[in-house]
There are 2 protein chains.
Amino acid sequence: MRISELAEQTAVPLATLKYYLREGLLHPGRSTARTQAVYDGTHVERVRLVRALTESAGLSLGSVRDVLEVLDHPPATRHELLGAAQDVLLVDEGGHLRPGGEQAHPGAASAAAPADPWVARAAELAARRGWCTTDEPLVHGLADQLRAADAAGIDLTDDHLGALAQAADGVAAADIAAVPADPGAAVRHVVVGTLLTDPVLLTMRRLAQQRASAASQDSAGGEAALPER
Amino acid sequence: MRISELAEQTAVPLATLKYYLREGLLHPGRSTARTQAVYDGTHVERVRLVRALTESAGLSLGSVRDVLEVLDHPPATRHELLGAAQDVLLVDEGGHLRPGGEQAHPGAASAAAPADPWVARAAELAARRGWCTTDEPLVHGLADQLRAADAAGIDLTDDHLGALAQAADGVAAADIAAVPADPGAAVRHVVVGTLLTDPVLLTMRRLAQQRASAASQDSAGGEAALPER
DNA sequence: CATTATTGGATAGTGTCACTCTCCAATAAT
DNA sequence: ATTATTGGAGAGTGACACTATCCAATAATG
């Protein structure tokens, strides 16, 4: 198939496909002549993946590139696989995670900021659930998010955070249960599946909130409890 | 306090504060002279809120403006309150929701796209949980997200989606239980609290995934099951 | 075989976003 | 009296994700 057909099948403008090719987000087609190349199903697949990650998961093209990197070069051992998958998953979403580590000193790991109450709370929360608290980036990301909520005047009770944690456990269990046995498909499913179901989870939360608020408070109240629009 | 002190206390550059003032994200200080104004605690609070929403929740300044609009003019009745809160909550996150509705024709509501299987699946999923399926934007957003996952080659089983839905129900119940009685504080807590705990929930999901995958598959495996970095 | 359309490759331009910088006259601090 | 800071306005910046234009080479078509 030619590039114009690829554009048609994916509903992506041809100029954009050329841009993706330039940026290395899409592997080149097989050249048949100096100014001709053919594309196949893998290209359609790849373009759809890129669009899903940017449009639905809200990733930047830079983050998409990182994700594709892992998908194209999956680590051999299952041990490395999960590490790499997790590395990619802290991409973008929910705030700009630094890829190289700016704040933490390379040598002194525990002496830099030991008394941060938010890191402590995040670590305690993780420990209570049996999550590994040694994952610095995730725990620090969680601490940053709790700090931001506090700064905005939202105080989160242990009960509330506990409910979030419990929900996260439930989701994670289902996530892991759904992972296919094939190692190649496994990375893909964990990484892409998680990124694309993140917005699903958040949308469901909002739908469930409507129901929950209607159930809790409108039993004595008005006629139509459903918020319009 | 003067604007330079506000900049210090919030750790936001003075030029950025001026920008927020221009954009209407920060209410003006009380003018004491032609080139002088004083700021107070409400300004500190507001700036911290704006930064939390942009940096942690990842909102655009335009979306922040919408959120502030609702916080500053909370609807009178509880019935309207939840509707307005939900309106604001479908801002930004997880894809560009159109604020006015571009696709749907104003007149024909049900004749436009009746046979979309993804809308059907989203509606069925919501109905099974007792969620209100009449909320067009949320259900259609969910459908878009499911479609995107499918296009990316991720097929989500009913079990998997059910687990997400169950988790969402649990989170929503806790969310609603945590809402304060005061109507003014209620909107704030629902809207801001939800936006700021969205990333918390996603981070927890990743932490829980590590634990879940370690528990499910590394029992027979290597020594250190924790992914490094 | 002549004409028209399409292609790969490269370069440059566009619009949005979130700042950031510079300047000014008026005021405040010292 | 001198220096620093302020509000207000305007222009400039850098990142991002495209989008448009041009070119010679090839493909499709009559």
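This is a predicted model: local features need pLDDT of at least 70, side-chain atom pairs count only at pLDDT 80 or more; totals for chains, interfaces and linings use all residues.
**Protein–DNA surfaces, chain pairing and helix packing**

DNA strand C is surrounded by 22 residues, the closest of which are I3(A), S4(A), A37(A), R34(B) and S60(B). Elements of both chains build the surface near DNA strand C: α1 (3-10) and β2 (36-38) of chain A, and α2 (14-23), β1 (30-33) and α4 (61-72) of chain B, each supply at least two residues. Of these elements, α2(B) provides the largest share, amounting to 3 residues. Sorted by class, the surface near DNA strand C holds 8 nonpolar, 11 polar and 3 charged residues.

DNA strand D is likewise considered here. Two or more residues of the surface near DNA strand D are given by each of α2 (14-23), β1 (30-33) and α4 (61-72) of chain A, together with α1 (3-10) and β2 (36-38) of chain B. The element that gives the most to this surface is α2(A), with 3 residues. The class composition of the surface near DNA strand D is 8 nonpolar, 11 polar and 3 charged residues.

The relation between the protein chains was examined next. Two copies of a chain are, in general, related by a rotation about an axis and a shift along it. For the present pair, chain B is superposed on chain A by a rotation of 180 degrees with 0.0 Å of shift along the axis, at an RMSD of 0.0 Å. The two copies are thus related as by a two-fold rotation axis. Within chain B, the C-alpha nearest this axis belongs to A167(B), at 2.3 Å from it. Both copies use the same surface, in that 99% of the contact residues of chain B recur in chain A.

In the interface between the chains, 85 residues of chain B are in contact with 84 residues of chain A. On the side of chain B that touches chain A, at least two residues are supplied by each of the helices α3 (41-56), α5 (78-89), α6 (117-129), α7 (136-151), α8 (158-177) and α9 (183-217) of chain B. The helix α9(B) gives the most to this side, with 23 residues. By class, the residues of the side of chain B that touches chain A comprise 40 nonpolar, 27 polar and 18 charged.

Helix packing within each chain was then described. In chain A, the axes of α1(A) and of helix α3 (residues 41-56) come within 10 Å and cross at roughly 45 degrees. Angles of 65 to 115 degrees count as roughly perpendicular and those under 35 degrees as roughly parallel, and α1(A) is therefore oblique to α3(A). The crossing in which α1(A) passes α3(A) is right-handed. On the side of α1(A), the contact is made by L6(A), Q9(A) and T10(A), and on the side of α3(A) by H43(A), V44(A), V47(A) and R48(A). This contact of α1(A) with α3(A) includes 3 nonpolar, 3 polar and 1 charged residues.

The corresponding helices of chain B were treated in turn. The axes of α1(B) and α3(B) come within 10 Å, with a crossing angle of roughly 45 degrees. That angle makes α1(B) oblique to α3(B). The crossing of α1(B) and α3(B) is right-handed. Here L6(B), Q9(B) and T10(B) of α1(B) meet H43(B), V44(B), V47(B) and R48(B) of α3(B). The residues of the contact of α1(B) with α3(B) fall into 3 nonpolar, 3 polar and 1 charged.

A further packing in chain A involves α3(A) and α4(A), whose axes lie 10 Å apart at an angle of about 135 degrees. Angles over 145 degrees count as roughly antiparallel, and α3(A) and α4(A) are therefore oblique to each other. The passage of α3(A) across α4(A) is a right-handed crossing. In this contact, V50(A), L53(A) and T54(A) of α3(A) meet L61(A), V64(A) and V67(A) of α4(A). The contact of α3(A) with α4(A) divides into 5 nonpolar residues, 1 polar residue and no charged residue.

How values were computed
Residues are numbered from 1 along each chain as its sequence is written. Chains are lettered from A and ligands numbered from 1 in the order in which they are written. Copies are superposed by least squares on the C-alpha atoms of residues with pLDDT of at least 70 in both. Two residues are in contact if their C-beta atoms, placed from the backbone, lie within 7 Å. A residue is near a molecule or strand if its C-beta atom, placed from the backbone, lies within 6 Å of it. Helices (H or I, at least four residues) and strands (E, at least two) are DSSP runs, numbered from the N terminus. Ala, Val, Leu, Ile, Met, Phe, Trp, Tyr, Cys and Pro count as nonpolar, Asp, Glu, Lys and Arg as charged, and the others, Gly among them, as polar. Axes are lines fitted to C-alpha atoms, for helices over the stretch in contact, and angles run from 0 to 180 degrees between N-to-C directions. A crossing is left-handed if the near helix is turned anticlockwise from the far one by less than a right angle, and right-handed if clockwise.
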